[in-house]
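Here is a short briefing on one protein model. Take a look at the sequence and the structure before reading on.

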Amino acid sequence: MPRLRKTAAQVAEEERQNRERLFLGTLNKYRMAAGFLSWKLAAPSLMMSEATLFRRLRNPETFTLEELHRIVRALHIPKGEISDIIFS
């Protein structure tokens, strides 16, 4: 008989993926509002190499606090909005 309920691990993974999508969606929204048409153009303003930035975007848990702080400043993201996403 097929399993109808998701396991706790499956639910946790879905929640992690949803937070990740919300985080990346917020970053993209503010990137465009700040006038950067691509992450490639935004990388120098964030004081990151393109390779590092793309690696962090593929795996957002690896962003350091300093990198997140630079992103918030460069993209003019309200601190409350980004902390709601990170700590939810």
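## Thr26 and the helical fold

Thr26 is buried, because its relative accessible area is 6% and the cut-off for buried is under 20%. The residue sits in helix H1. The model is a predicted one.

**Overall architecture**

- The protein has five helices and zero strands.
- Read from the N terminus, the order of elements is α-α-α-α-α.
- The C-alpha trace spans about 55 × 30 × 20 Å along its principal axes.
- The radius of gyration is 15 Å, whereas a compact globule of 88 residues would have one near 12 Å.
- Among contacts with a separation of 6 or more, 51% join residues 24 or more positions apart.

- Is Arg19 buried, partly exposed or exposed? Arg19 counts as partly exposed, because its relative accessibility is 33% and that class lies between the limits of 20% and 50%.
- Arg19 and Phe87 are 68 residues apart along the chain, yet their C-alpha atoms are separated by 9.5 Å.

**Nonpolar core**

- The largest nonpolar core holds 19 residues.
- Leu27, Trp39, Leu53, Phe63 and Ile77 have the most contacts inside this core.
- Ile77, one of the residues with the most contacts inside the core, touches Leu27, Tyr30, Ile71, Val72 and Ile82, not counting residues up to four places away in sequence.

**Surface and charge**

- Buried residues make up 30% of the 88 residues.
- The accessible surface comes to about 6,100 Å².
- Carbon and sulfur atoms account for 59% of that surface.
- How many side chains are positive, and how many negative? The protein has 15 positive and 10 negative ones.
- The centres of the two charge sets lie 3 Å apart.

Terms used
Residues numbered from 1 in each chain as written. Predicted model: local features only at pLDDT ≥ 70, side-chain atom pairs only at ≥ 80, totals over all residues. Heavy atoms only, no water. Core = buried A, V, L, I, M, F, W, Y, C linked by side-chain atoms within 4.5 Å. Buried < 20%, exposed > 50% of the residue type's maximum accessible area, 1.4 Å probe, protein only. Contact = heavy atoms within 4.5 Å. Helix = DSSP H or I, 4+ residues; strand = E, 2+ residues; numbered from the N terminus. Rg over C-alpha atoms; globule rule 2.2 N^0.38 Å. Areas by Shrake-Rupley, 256 points an atom, 1.4 Å probe, with all protein chains shown as cover. Lys, Arg positive; Asp, Glu negative; His and termini not counted. Charge placed at Lys NZ, Arg CZ, Asp CG, Glu CD.
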